Amino acid sequence: RGTPPFSALPAVGSVDLPALLQGRRMRRNRRTAWSRRLVRETQLGIDDLIWPIFVVEGERTRQPVPSMPGVFRLTVDEAAAEAQRASDLGIPLIALFPYTDPALRDPFGSEALNPDNLVCRAIRAIRAAAPAIGIMTDVALDPYTSHGHDGILEGDQILNDPTVGQLCRQALIQAEAGVDVIGPSDMMDGRIGAIRRTLDMAGFEHVQIMSYAAKYASAFYGPFRDAVGTNATLVGDKRTYQMDPGNSDEAIREAEQDLVEGADMIMVKPGMPYLDILFRLKDTFRVPTFAYQVSGEYAMIEAAAANGWIDGERAMMESLSAFKRAGADGILTYFAPRVAARIKAGL
Ligand code: PBG
């Protein structure tokens, strides 16, 4: 006996499907690979990628970050070589994050103001090795403070205004080292305007600012804090300065404030759990808007892929396409060189 092929079955009940569809069939455009390519609305490109890298003291060493498989802390010489590779792949911008020797950390983050600190030396080495790539640095005190906070801690308070003073000095020494883009990730009030004025008065009016405009107090930063060595030392949490994950209107006000103060570009962080925020900010302000696919997002994809639970390569591409679809002009992602190599190979 056997079952008849479905195509031989009569239409369901009395429904006249062709009449119901009135000629429209959404699946027609999806039938072939060329047609799917042709009607695709958004396209991820190499020009959309910003690559965050971790730097550490030493020579010719790459230290694996256990909670971020495939990611390494790089000594300055290695970072310069990787920057050159990224530049050859066509990646427009790299973002630097230092692992500061714990002996150099203090309650005020003084090492942030050392013009010869790790980040400043990395800027100079990368500039020499890869002159065509853009260099971005984080402005925040957390890699330099003994308590792991982005600002100055007094009792259980993070002091806003004194911290802004430190951040201005930090931005200035990074500008003097030759950075292209300053990325304030600290979430203090008024820091964009203060940094802009400081830079302008010192003749660095060309240095761009990408503000971490909507940065949430998130559980997804865990592996990053392993990479820069702040997980072990962080006292309490960052909820008095980073945003509450329940808020959306507040992100509009944060971004508006940063733009009024002089931000050239704004960013949403984390990425995937906050695509609605990304969409709203792009829709509202129409300025260059970026998303940070943070360490925990990277770790989740890698962990699931390592277990064989998802196809890691496809999940990587799909997650990054989603940022573009939501309106991002670009994405900070630890996948950047892998993605760039794939795109370059036509995959
Ligand atoms: C610190 C900073 C953090 C990240 C970028 N800059 C962590 C934090 O705020 O604790 C997180 C990036 C990531 O998780 O990939 N100012």
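**View 1. Pro270 sits in the loop between strand 10 (265–269) and helix 9.** Helices (H or I, at least four residues) and strands (E, at least two) are DSSP runs, numbered from the N terminus. A cis peptide bond joins Lys269 to Pro270. Its omega is about -5°. Most peptide bonds are trans, and most residues other than glycine have a negative phi.

The model shown here is predicted: local features need pLDDT of at least 70, side-chain atom pairs count only at pLDDT 80 or more, and totals for chains, interfaces and linings use all residues. Residue numbers start from 1 along each chain, as its sequence is written.

**View 2. The whole protein has twelve helices and twelve strands.** Its C-alpha atoms fill a box of roughly 80 × 45 × 35 Å, taken along the principal axes. Of the 347 residues, 43% are buried. A residue is buried if 20 or more other C-beta atoms lie within 10 Å of its own, exposed if 12 or fewer, and partly exposed in between; C-beta atoms are placed from the backbone. Two residues are in contact if their C-beta atoms, placed the same way, lie within 7 Å. Among contacts with a separation of 6 or more, 74% join residues 24 or more positions apart.

**View 3. Helix 8 (residues 249–261) crosses helix 9 (residues 275–285) at roughly 45°.** Two packed helices are described by the angle between their axes and the distance between the axes. Axes are lines fitted to C-alpha atoms, for helices over the stretch in contact, and angles run from 0 to 180 degrees between N-to-C directions. Here the axes come within 10 Å. Helix 8 and helix 9 are therefore oblique to each other. Angles under 35 degrees count as roughly parallel, over 145 as roughly antiparallel, 65 to 115 as roughly perpendicular and the rest as oblique. The crossing of helix 8 and helix 9 is right-handed. A crossing is right-handed if the near helix is turned clockwise from the far one by less than a right angle, and left-handed if anticlockwise. Helix 8 brings Ala251, Ile252, Ala255 and Leu259 to the contact. Helix 9 brings Ile277, Arg280, Leu281, Thr284 and Phe285. By class, the contact of helix 8 with helix 9 has seven nonpolar residues, one polar and one charged. Ala, Val, Leu, Ile, Met, Phe, Trp, Tyr, Cys and Pro count as nonpolar, Asp, Glu, Lys and Arg as charged, and the others, Gly among them, as polar.

**View 4. Helix 10 (residues 295–306) packs with helix 11 (residues 312–326) at an angle of about 155°.** Their axes are 9 Å apart. From helix 10, Ile301, Glu302 and Ala305 meet Gly312, Ala315, Met316 and Ser319 of helix 11. This contact of helix 10 with helix 11 has four nonpolar, two polar and one charged residues.

**View 5. Helix 4 (residues 118–129) and helix 5 (residues 160–177) pack at about 25°.** The axes of helix 4 and helix 5 lie 9 Å apart. The angle makes helix 4 roughly parallel to helix 5. Helix 4 passes helix 5 in a right-handed crossing. Val119, Cys120, Ile123 and Arg124 of helix 4 meet Ile173, Gln174 and Ala177 of helix 5. The contact of helix 4 with helix 5 divides into five nonpolar residues, one polar and one charged.

**View 6. Ala328 is found in the loop between helix 11 and strand 12 (330–333).** Ala328 counts as buried because it has 28 C-beta neighbours inside 10 Å. Leaving aside its neighbours within four places in sequence, Ala328 is in contact with Leu278, Thr289, Phe290, Ala291 and Phe323. Asp48 is 280 residues from Ala328 in sequence. In space, the two are 8.6 Å apart, C-alpha to C-alpha.

**View 7. Gln22 and Met187 are residues other than glycine with a positive phi.** Phi of Gln22 is about 50°. Gln22 lies in the loop between helix 1 (17–21) and helix 2 (33–39). Gln22 is exposed, with 7 other C-beta atoms within 10 Å. Phi of Met187 is near 65°. Met187 lies in the loop between strand 8 (181–184) and helix 6 (191–201). Met187 counts as buried, with 24 C-beta neighbours inside 10 Å.

**View 8. Residues around the ligand include Asp138, Ala140, Asp142 and Asp150.** Ser185, Asp186, Tyr221, Phe224, Arg225, Val294 and Ser295 are also around the ligand. A residue is near a molecule if its C-beta atom, placed from the backbone, lies within 6 Å of it. The shell around the ligand divides into four nonpolar, two polar and five charged residues.
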